Amino acid sequence: MKSLLRFGIAFLFLHSCLASDYPKAISDLKDSIVKGLGFTAEDDVKITGFDPRDAEVGHSVEYQFDLEIDHQVIPFKLLEDVKRWDYVDLPIFRAEAQNGWVEKRASENGLPVLAPFVLAGPMELWIHDAKDMRLSLPHDVDAGVLKKVILAEGAAVTVKGARSVSLRQPLDFPLPLNRTQNGFANGLLTLAEHLRHASRTQASPILSLRIVGPTSLAAPSDTTTSLKLKRLAPGLVELSSPSKKKSIEEYSSVDLRGEAPTILTPTQFTTLWPLASLNGSNANLLGFEKLLHSVLGAKAEKKGSFRLLKADVSAQTYVKIGFQAEKKLKEGDLEGYPAWRTKPETVTTHFEVLAKVDGDKVVPEKVMPVKPLIAVDNVAPDLLNGNVSMSKTQAVYPPPNPFYL
């Protein structure tokens with residue numbers, strides 16, 4: 001009797017959890033999609049699906065840029081393809097149980113991060129999560145709470161654990177823009193060398209980046225000498241390299257004293273400063289250069305300039321989930337429908353939404369219609385022949401075969 005009672009209590013608890021409303025993240029996602037699709041109460045549309053157990057989760061890198069060309073701001077938002085989708089039990093998809101128990105939020109360690117990359121000076125880095133900053137030159141150094149790090153000319157560090165990297169100040173770039181040649185993004189390489197040359201000639205670095213996330217800065221593993229640390233103020237240090245001259249030679253110098261950008265060839269310069277770990281033949285760089293050429297149009301070949309107002313690269317978590325929209329049909333909605341088929345009262349459209357996880361919210365990015373598996377109709381032969389009896393069908397005799405007995 002006790003076992004039966006326990007089973008009944010467990011069943012009622014499970015039923016209450018399954019019958020509970022959507023988690024708040026899913027409810028907000030549903031409401032925003034309904035508004036975005038333009039459905040109203042007058043349409044008599046019923047939205048079903050949005051089962052968190054069917055949600056697929058993946059990680060990707062998002063790029064956001066704002067370009068100012070001729071006093072016109074053009075925003076861009078690019079997303080790398082998600083390499084792998086998994087069924088993951090995200091905490092924001094867990095509904096509250098009726099007994100008041102609430103799941104804890106995911107820790108910061110569960111958030112996606114960017115792949116390690118190398119930055120080369122001269123430039124300055126502003127650290128958002130200063131308390132979680134680690135410094136290795138190449139051994140760990142206790143420099144206190146670091147809010148700002150200046151990389152001197154010739155110094156390079158490997159950044160690990162960053163969730164996003166963004167530009168703090170706008171940058172001006174000259175035109176014309178060189179064309180892509182021999183599989184290298186020559187136009188972006190030229191712009192990067194112009195920017196590095198301007199940073200070297202000024203007293204303070206003009207390139208300023210903001211890094212978000214528990215980050216570690218370490219001397220590149222391929223260097224034989226360690227970086228030197230100089231404390232400039234509380235929370236402010238400068239990193240320099242003793243082999244400054246040798247490090248500069250890794251970036252082939254070009255003559256930039258002329259007004260027109262110098263044409264670079266792959267043998268002269270193949271690294272995109274300040275990303276010392278990124279080669280000019282990278283597929284993403286080639287795509288960015290083609291996009292920039294298409295936006296500039298004829299201006300890309302003329303003398304002038306454009307401004308980069310915003311540049312943000314971040315690691316994001318994306319969710320892919322399906323749902324259905326069921327709508328009641330009215331008279332005249334099924335014109336041309338076969339008379340022999342039973343007319344449906346409703347029509348169901350299947351969708352799949354790609355959404356970004358932003359803290360405790362799920363923001364829809366793209367809603368795509370999905371073609372479901374359509375069942376094959378089996379029709380009786382008499383219906384295909386106009387419902388005519390086989391006895392009234394004219395007999396067809398084939399020509400005789402002389403080889404038959």
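**Reading strands, helices and rings**

Mentor: Let us begin with a pairing of strands: E7 and strand E14 (residues 236-240) run in the parallel sense, joined over four bridges. Please keep in mind throughout that this is a predicted model.

Trainee: Which residue of E14 is the bridge partner of Val149?

Mentor: The partner of Val149 in that strand is Val237. E7 also pairs with strand E5 (residues 123-127), here in the antiparallel sense and again over four bridges, and in this second pairing Met123 has Leu151 of E7 as its bridge partner.

Trainee: How should I read the two faces of a strand, and which residues lie on each side of E7?

Mentor: The general idea is that in a regular strand the side chains alternate between the two faces of the sheet. In strand E7 (residues 148-151), Lys148 and Ile150 are on one side while Val149 and Leu151 are on the other, and all of these residues are buried, so that both faces are covered.

Trainee: Is Thr158 buried or exposed, and which residues is Thr158 in contact with beyond its neighbours in sequence?

Mentor: Thr158, which is found in strand E8 (residues 156-160), has a relative accessible area of 12% and is therefore buried, the cut-off being under 20%. Leaving aside neighbours within four places in sequence, Thr158 is in contact with Pro116, Phe117 and Val118, and also with Ser216, Leu217, Ala218, Ala219 and Pro220.

Trainee: Turning to helices, how many residues of H3 are buried?

Mentor: A general point comes first: an α-helix has 3.6 residues a turn, so residues three or four places apart point the same way. Helix H3 (residues 186-201) has 16 residues and reaches 23 Å from its first C-alpha to its last, which is close to the 22 Å expected at 1.5 Å a residue. Twelve of the 16 residues of H3 are buried, so the helix is largely enclosed by the rest of the structure; among them are Leu188, Leu191, Glu193, His194 and Ser199.

Trainee: What is the angle at which H3 and H5 cross?

Mentor: Two packed helices are described by the angle between their axes and the distance between the axes. The axes of H3 and H5 come within 8 Å and cross at roughly 90°, and the two helices are therefore roughly perpendicular to each other. Asn186, Gly187, Leu188 and Leu191 of H3 make the contact with Leu285, Phe288, Glu289 and Leu292 of H5.

Trainee: How many aromatic pairs does a search of the whole structure find, and how is a pair of rings described?

Mentor: The search of the whole structure finds five aromatic pairs. In general, a pair of aromatic rings is described by the distance of the centres and the angle of the planes. For Phe65 and Phe288 the ring centres are 5.7 Å apart and the planes lie at 70°, so this pair is edge-to-face. Because Phe65 lies in strand E2 (residues 56-69) and Phe288 in helix H5 (residues 283-296), the pair ties together parts that are 223 residues apart in sequence. Phe65, at 18% relative accessibility, counts as buried, whereas Phe288, at 21%, counts as partly exposed.

Trainee: What is the geometry of the pair formed by Phe323 and Phe351?

Mentor: Phe323 and Phe351 are stacked, with 5.2 Å centre to centre and 15° between the planes. This pair links distant parts of the chain, with Phe323 in strand E15 (residues 304-328) and Phe351 in strand E16 (residues 346-358), 28 residues apart. Phe323 counts as buried at 1% relative accessibility, as does Phe351 at 15%, and together with Phe50 these residues form one aromatic cluster.

Notes. Residues are numbered from 1 along each chain as its sequence is written. This is a predicted model: local features need pLDDT of at least 70, side-chain atom pairs count only at pLDDT 80 or more; totals for chains, interfaces and linings use all residues. Side-chain values use heavy atoms; hydrogens and water are left out. Buried means under 20% relative accessible area, exposed over 50%, partly exposed in between (1.4 Å probe, protein chains only). Contact means heavy atoms within 4.5 Å. Two strands pair if DSSP finds at least two bridges between them. The expected span of a helix is 1.5 Å times one less than its number of residues. Rings of Phe, Tyr and Trp (its six-membered ring) pair if their centres lie within 6.5 Å; planes under 30 degrees apart count as stacked, over 60 as edge-to-face and the rest as tilted. Axes are lines fitted to C-alpha atoms, for helices over the stretch in contact, and angles run from 0 to 180 degrees between N-to-C directions. Angles under 35 degrees count as roughly parallel, over 145 as roughly antiparallel, 65 to 115 as roughly perpendicular and the rest as oblique.
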